[in-house]
2 protein chains.
Amino acid sequence: MIIGFIGFGRVSSRLAQILSNYECITSCENRSTKTKELIKNSNVKVLKTNKEVAKKSDVLISANSTKNALKVASDYGKYCNGIYLDLNNISPETSQEISLYVTNYVKGAIIGKIEREKPILYLSGEKASNLLFLKEYLDIYFTEDASILKLIRSIYTKSVSASLIESIAIAEKYNLKNDFLKVLSLTEGNNFKSSSISRINNTIKNKDRKIEEIEEIIDYLEDDDLIILNVVLEKFKDL
Amino acid sequence: MIIGFIGFGRVSSRLAQILSNYECITSCENRSTKTKELIKNSNVKVLKTNKEVAKKSDVLISANSTKNALKVASDYGKYCNGIYLDLNNISPETSQEISLYVTNYVKGAIIGKIEREKPILYLSGEKASNLLFLKEYLDIYFTEDASILKLIRSIYTKSVSASLIESIAIAEKYNLKNDFLKVLSLTEGNNFKSSSISRINNTIKNKDRKIEEIEEIIDYLEDDDLIILNVVLEKFKDL
């Protein structure tokens, strides 16, 4: 079983680590110095071209930036005879388009942190069940459409982040920030404080990307009832 | 130690049960049939008037409807020589007013369900520490202003309820409601599903009261940055 990676950032390097019982391959073709460094520090075999990687893989994993996902699929999907697993954070529309370039297309969505001991992976597509063997290394779930599921999940999580930011600002105004985090921990779970702080920091750090994601969601869903998400967008822009 | 209750609904009857090691007293004066029934089923001593209850109590607990909290304080506060503990869901403004009628005023806020084995009680006020003896029966915390803390907490919890309602509606549209609840349980904690469903049901059931509460919060805080809470209000009105 050969697992190939096109794109070798945080997700791929973590997966190569987890899946080291298999032969993992990638290529340095068109890769940045930083990526080449990550590849050097992983136990993956390096081939000359992405085309070779695509041809040799039983499972070809595309984990790139959102913007490159479609190009990777159209450039290399045709060489892949195994399963083509897209792990990019793409819209359901892009996912649909990718399926036109690729034969055995499986859409995957990593949920939560890739650094978990057993990262959570939702899969959809006709051939999704072929990847069930990964369940030893990943927490695998199947769904009708992993891309839409991740998108709807993110409506909720982004709204919660924005609600936190709004209410903590008031708490700070009244010098009650610590009491606010404490009182919610009592009913929302022990790790509320740490998870809230990491939620807020993550939002501030990735503000621009999150704004883009919300705009894409709003465009894609065209739903007049998304009134909270529209204000979440404003909130993020004001950060 | 005598603990008196003015107002005898869900909160008082639960507290009388928890604090049954003390002498608990109340009165049926001006009480509804339903309340009289609750009193009959509790192990409290029944005095003729609220005035007598106020006079005899070492701790006088006012647990009434939001609207009656101020009147109870102005009518009976003056007879109370012990601690006057207000447990009503009142605005910081009303709490301020009550303190004018009452000598040993302590503001208390029940957090979460009163049905918990050990209900959570936040206390504020100069004499708050006099109630530390209750910690055997209640989960006691002190804060600068229990009323504002509960208010800010409710900005967050109401916004989360509205975010849930908004995102679940989209999930339902795509037939992904169960997957949505499941995928969030994986990162937000095991009881996410049950707590979310109870959150939504509770919001729908108490819609009118929650709308009133939000309007009061917005009025009280006069903060231009409460943009999410303003849309939460719209969302609740549309339910």
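The contact between the two chains takes 51 residues from chain A and 51 residues from chain B. Contact here means heavy atoms within 4.5 Å. This is a predicted model, in which local features need pLDDT of at least 70 and side-chain atom pairs count only at pLDDT 80 or more, while totals for chains, interfaces and linings use all residues. Residues are numbered from 1 along each chain as its sequence is written, chains are lettered from A in the order in which they are written, and side-chain values use heavy atoms, without hydrogens and water.

Start with the area. Chain A and chain B bury about 4500 Å² between them, and 69% of that lies on carbon and sulfur atoms. Buried area is the accessible area (1.4 Å probe) that two parts lose on being put together, summed over both. Three residues, A:Tyr156, A:Glu166 and A:Ile228, supply 15% of what chain A buries against chain B, more than any other three residues.

Now look at the polar side of the interface. Between chain A and chain B there are 18 residue pairs in polar contact, both residues at pLDDT 80 or more. A polar contact is a pair of N or O atoms within 3.5 Å; within protein, one must be able to donate a hydrogen and the other to accept it, and residues adjacent in sequence count only if both atoms are side-chain atoms. Which elements build this surface? Those of chain A that give two or more residues include strand 7 (120-124), strand 8 (139-142) and helix 6 (146-173). Helices and strands are DSSP runs numbered from the N terminus (helices H or I, at least four residues; strands E, at least two). Helix 6 of chain A gives the largest share, 17 residues. By class, the side of chain A that touches chain B has 30 nonpolar, seven polar and 14 charged residues. Ala, Val, Leu, Ile, Met, Phe, Trp, Tyr, Cys and Pro count as nonpolar, Asp, Glu, Lys and Arg as charged, and the others, Gly among them, as polar.

The rule finds four of them between chain A and chain B. A salt bridge is a side-chain nitrogen of Lys or Arg within 4 Å of a carboxyl oxygen of Asp or Glu. In one of them, B:Asp223 pairs with A:Lys173, with the closest N and O atoms 2.7 Å apart. In another, B:Glu188 meets A:Arg199 at 3.0 Å, N to O. That pair runs from helix 7 (residues 177-188) of chain B to helix 8 of chain A. B:Glu188 is partly exposed, at 27% relative accessible area, whereas A:Arg199 is buried, at 18%. Buried means under 20% relative accessible area, exposed over 50%, and partly exposed in between (1.4 Å probe, protein chains only).

Other salt bridges stay within a chain. B:Glu166 and B:Lys235 form one, at 2.7 Å between the closest N and O atoms. This pair links helix 6 and helix 10 (residues 227-237) of chain B, 69 residues apart. B:Glu166 and B:Lys235 are both buried.

How do the two copies relate? A rotation of 180 degrees with 0.0 Å of shift along its axis superposes chain A on chain B, with RMSD 0.1 Å. That is the relation of a two-fold axis. A:Val160 comes closest to the axis among the residues of chain A, at 3.0 Å (C-alpha). The copies meet through the same surface, because 100% of the interface residues of chain A are also interface residues in chain B.

How values were computed:
Copies are superposed by least squares on the C-alpha atoms of residues with pLDDT of at least 70 in both.
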